[in-house]
Amino acid sequence: MNLERTWQAALRLAPGVLILALIQVCTVARSAEPGSSAPAPVAPVADPCPRSFAAGDVVQNPPALFSSNGVLNVRFSYQHRIDANDPGREILCFMTPEGLQNPTLHVNPGDHLIITVTNNTPALPLTMTVNPPNCGASSMGPSSLNLHYHGTNTSPTCHSDEVIKTTINSGETFQYDVVFPADEPPGLYWYHPHVHGQVEHAVQGGANGVIVVDGIENVQPAVSGLRQRILIVRDQEIPGEPEPVGSIPAWDVTLNYVPILSPGDPGVTDFVPASLQMQPGERQFWRVSNSCADTILDLQYVFDGVPQTMQLVGIDGVPVGSQDSTQPGQLIPVRHFKLPPAARVEFIVAAPPASVQLAQFITRSVDTGPIGDNDPQRPLATIKLADVADAALVHGAGAGVGANHGRDDGRVGVFSAFNPHQRRFAGLSSAPVAARRTLYFDEKDDASGETTFFMAAEGQPEQPFDPNAPAAIVATQGTVEEWTVENRTGENHEFHIHQIHFMVESQNNFEMNGAHRAPGVTGQYLDTVEVPYWDQNPSHPFPSVKLLVDFRGPDIGNFVYHCHIAEHEDKGMMSIIEVRPPSVAGNSASAVRRIGASPAVGSLK
């Protein structure tokens, strides 16, 4: 939804809702800080959300902040501006007082990430009441804010990674204290707003950044000392909103805010990619986040059109083979990697030989289904050989902003000794299964053609997401469950669950529906996985993934699972799960319960 449509929707609201909005805006900023005193507001920063890169520019790592003595303190001003090139588009960002935009946040296992954030965006009418218990404001709307620490195995409680009841409205200040587990795997995570109904707008506005849990060199020494590239792919509306057909995608993308310009003619492929620099003969460690709202990526590294090997190091923050194998885990060679919205992948690549005429990092064409978006093949970056220093590839390297003292994230640390303590999911593959469930994605059109999206559990009525609804699933802390997640629609969906990871046991019925199983993910520990579309043939079973879902961690409470195509999530494809301690749940981890089973396809007519 662009800014113009947001305001039009707001102005159609009833007068009572407008009064509620005015009352909320005029209220003294609510403090949600743990303890007795309110956090000091973060003042707006002048000229926020700079997007000054041009097509073809050299990609730099984002600015970075590092924890010190177990704590990373960050102050964010959530701000906006209107795109000078597209007056209907609102650009959004998190700015530090020093002027850093959406910095990379480096922490270590066991650290506290303390973020104080003030919502300095203009107030829009509040459209939904959130029932107690509240975490912050009790009403939300198009200008509301909260933060999700995606992929982190952190607590779903207020002031931590809680998104159902946490609301920060315009003019309000809130403080998070997110405690990373001591056994958190080292790898790539990310942060973004997660207010229901507003995720697509905020993420396409660019308000997101990545989190790096440091120490991967002591779990996978193959990356020791390598130059690392933090690569964030974001999507956004195409000016003029042309029909997405042929080589015209549904959404434009950027790489670290360098725009990849799309062609204006569906019959041509004159994309303008960014530039990535590598020294001749070097290997680099690329850490890629698909921070798009809606765009599915299928990454490939090509020399003169020939796919090259990418050595997988980590997926969704977990080093491959690190949890159940003898260290180090074996790298996984792939020639392409399917990266759903919100997923991350980390891999090693080698610089092209001087004889190569054109080396590129591309996303292949993705068949998203008969009713899905158009995601054509396009280059993300052209590789340029250059004798370039580390500092030239890192934003503000050596500037010593805040507590960094000149540190930057241009290179991975050097291996010192194997770290055996980051095996949070060890033993998952052989753990007893406490329950088996069938979940599924579904869509229904009403008489007006409006589509409602459902994240449903077999045996329960289909309901769009409601933050005031009870949990659709109740699980027991300390157990493992096996979930089969089916896609019963004509477009791809991306399953994501907060707070925990799952192990992908199998990808089923993909080929007969015209899709292919994603390489490199079976047997690995993910927080986001794609389930491709059903071809609508009644004789074909639904595509599905079978997952071992890990509730053995200490966290209890309510959190969500959903499709991470943000448009689908915003329109209802999300549900709540409650994890209860064993003393409350009264369930035995050894008593296998089967909850729901897929009906015959013919019975869905």
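**Close-up 1. The disulfide between Cys-49 and Cys-93.** A disulfide joins Cys-49 to Cys-93, with an S to S distance of 2.1 Å. This is a predicted model. Cys-49 sits in the loop between helix 2 (15–26) and strand 1 (64–66) and Cys-93 sits in strand 3, so the bond ties together parts that are 44 residues apart in sequence. The torsion about the S-S bond is about -80°, so this disulfide is left-handed. Both Cys-49 and Cys-93 are buried. A disulfide is a covalent bond between the sulfur atoms of two cysteines.

**Close-up 2. The disulfide between Cys-135 and Cys-158.** Two disulfides are found in a search of the whole structure; one of them joins Cys-135 to Cys-158, with an S to S distance of 2.0 Å. Cys-135 belongs to strand 7 (residues 135–136), and Cys-158 to the loop between strand 9 (148–150) and strand 10 (166–167). The two cysteines are 23 residues apart, and the pair links distant parts of the chain. Here the torsion about the S-S bond is about 80°, so the disulfide is right-handed. Cys-135 has a relative accessible area of 3% and is therefore buried, whereas Cys-158, at 35% relative accessibility, counts as partly exposed. With bonded cysteines counted along the chain, the disulfides follow the pattern 1-2, 3-4.

**Close-up 3. Two further cysteines, Cys-292 and Cys-563.** Cys-292 has a relative accessible area of 1%, and Cys-563 has one of 0%. The cut-off for buried is under 20% relative accessible area, so Cys-292 counts as buried, and so does Cys-563.

Close-up 4. The four strands are arranged in the order 3-2-5-11, and their pairing is mixed. At the edges are strand 3 (90–95) and strand 11 (173–179), each of which pairs on one side only. Neighbouring strands of this sheet are turned by 20° against each other on average, direction ignored. Strand 2 (residues 71–82) and strand 3 run antiparallel and are joined by six bridges. Across from Ile-91 in strand 3 stands Arg-81.

Close-up 5. Strand 17 (residues 274–278) is mostly covered, with five of its five residues buried. In a regular strand the side chains alternate between the two faces of the sheet. Ala-274, Leu-276 and Met-278 point one way from strand 17, while Ser-275 and Gln-277 point the other way. The residues on both sides are buried. Five bridges connect strand 17 with strand 27 (residues 378–385), and the two run parallel. Ser-275 has Thr-382 of strand 27 as its bridge partner.

**Close-up 6. The second largest pocket.** This pocket holds about 400 Å³ of space. Its lining is made up of 19 residues, and those nearest its centre are Asp-83, Asn-85, Arg-89, Gln-236 and Pro-259. Strand 15 (252–255) and strand 16 (258–260) are the elements that give two or more residues to the lining. Strand 15 gives the most, with three residues. By type, the lining has nine nonpolar, three polar and seven charged residues. Rolling a probe the size of a water molecule over the atoms shows where empty space is left.

Key. Residues numbered from 1 in each chain as written. Predicted model: local features only at pLDDT ≥ 70, side-chain atom pairs only at ≥ 80, totals over all residues. Heavy atoms only, no water. Pairing = 2+ DSSP bridges. Axes fitted to C-alpha atoms, helices over the stretch in contact; angles between N-to-C directions. 1 Å grid on protein atoms, 1.4 Å probe; cavity = no way out; pocket = protein on both sides within 12 Å on 5 of 7 lines; lining within 4 Å. Points joined across faces, edges and corners; volume = space filled by probe spheres on them. Nonpolar A, V, L, I, M, F, W, Y, C, P; charged D, E, K, R; others polar. Buried < 20%, exposed > 50% of the residue type's maximum accessible area, 1.4 Å probe, protein only. Disulfide = S-S within 2.5 Å.
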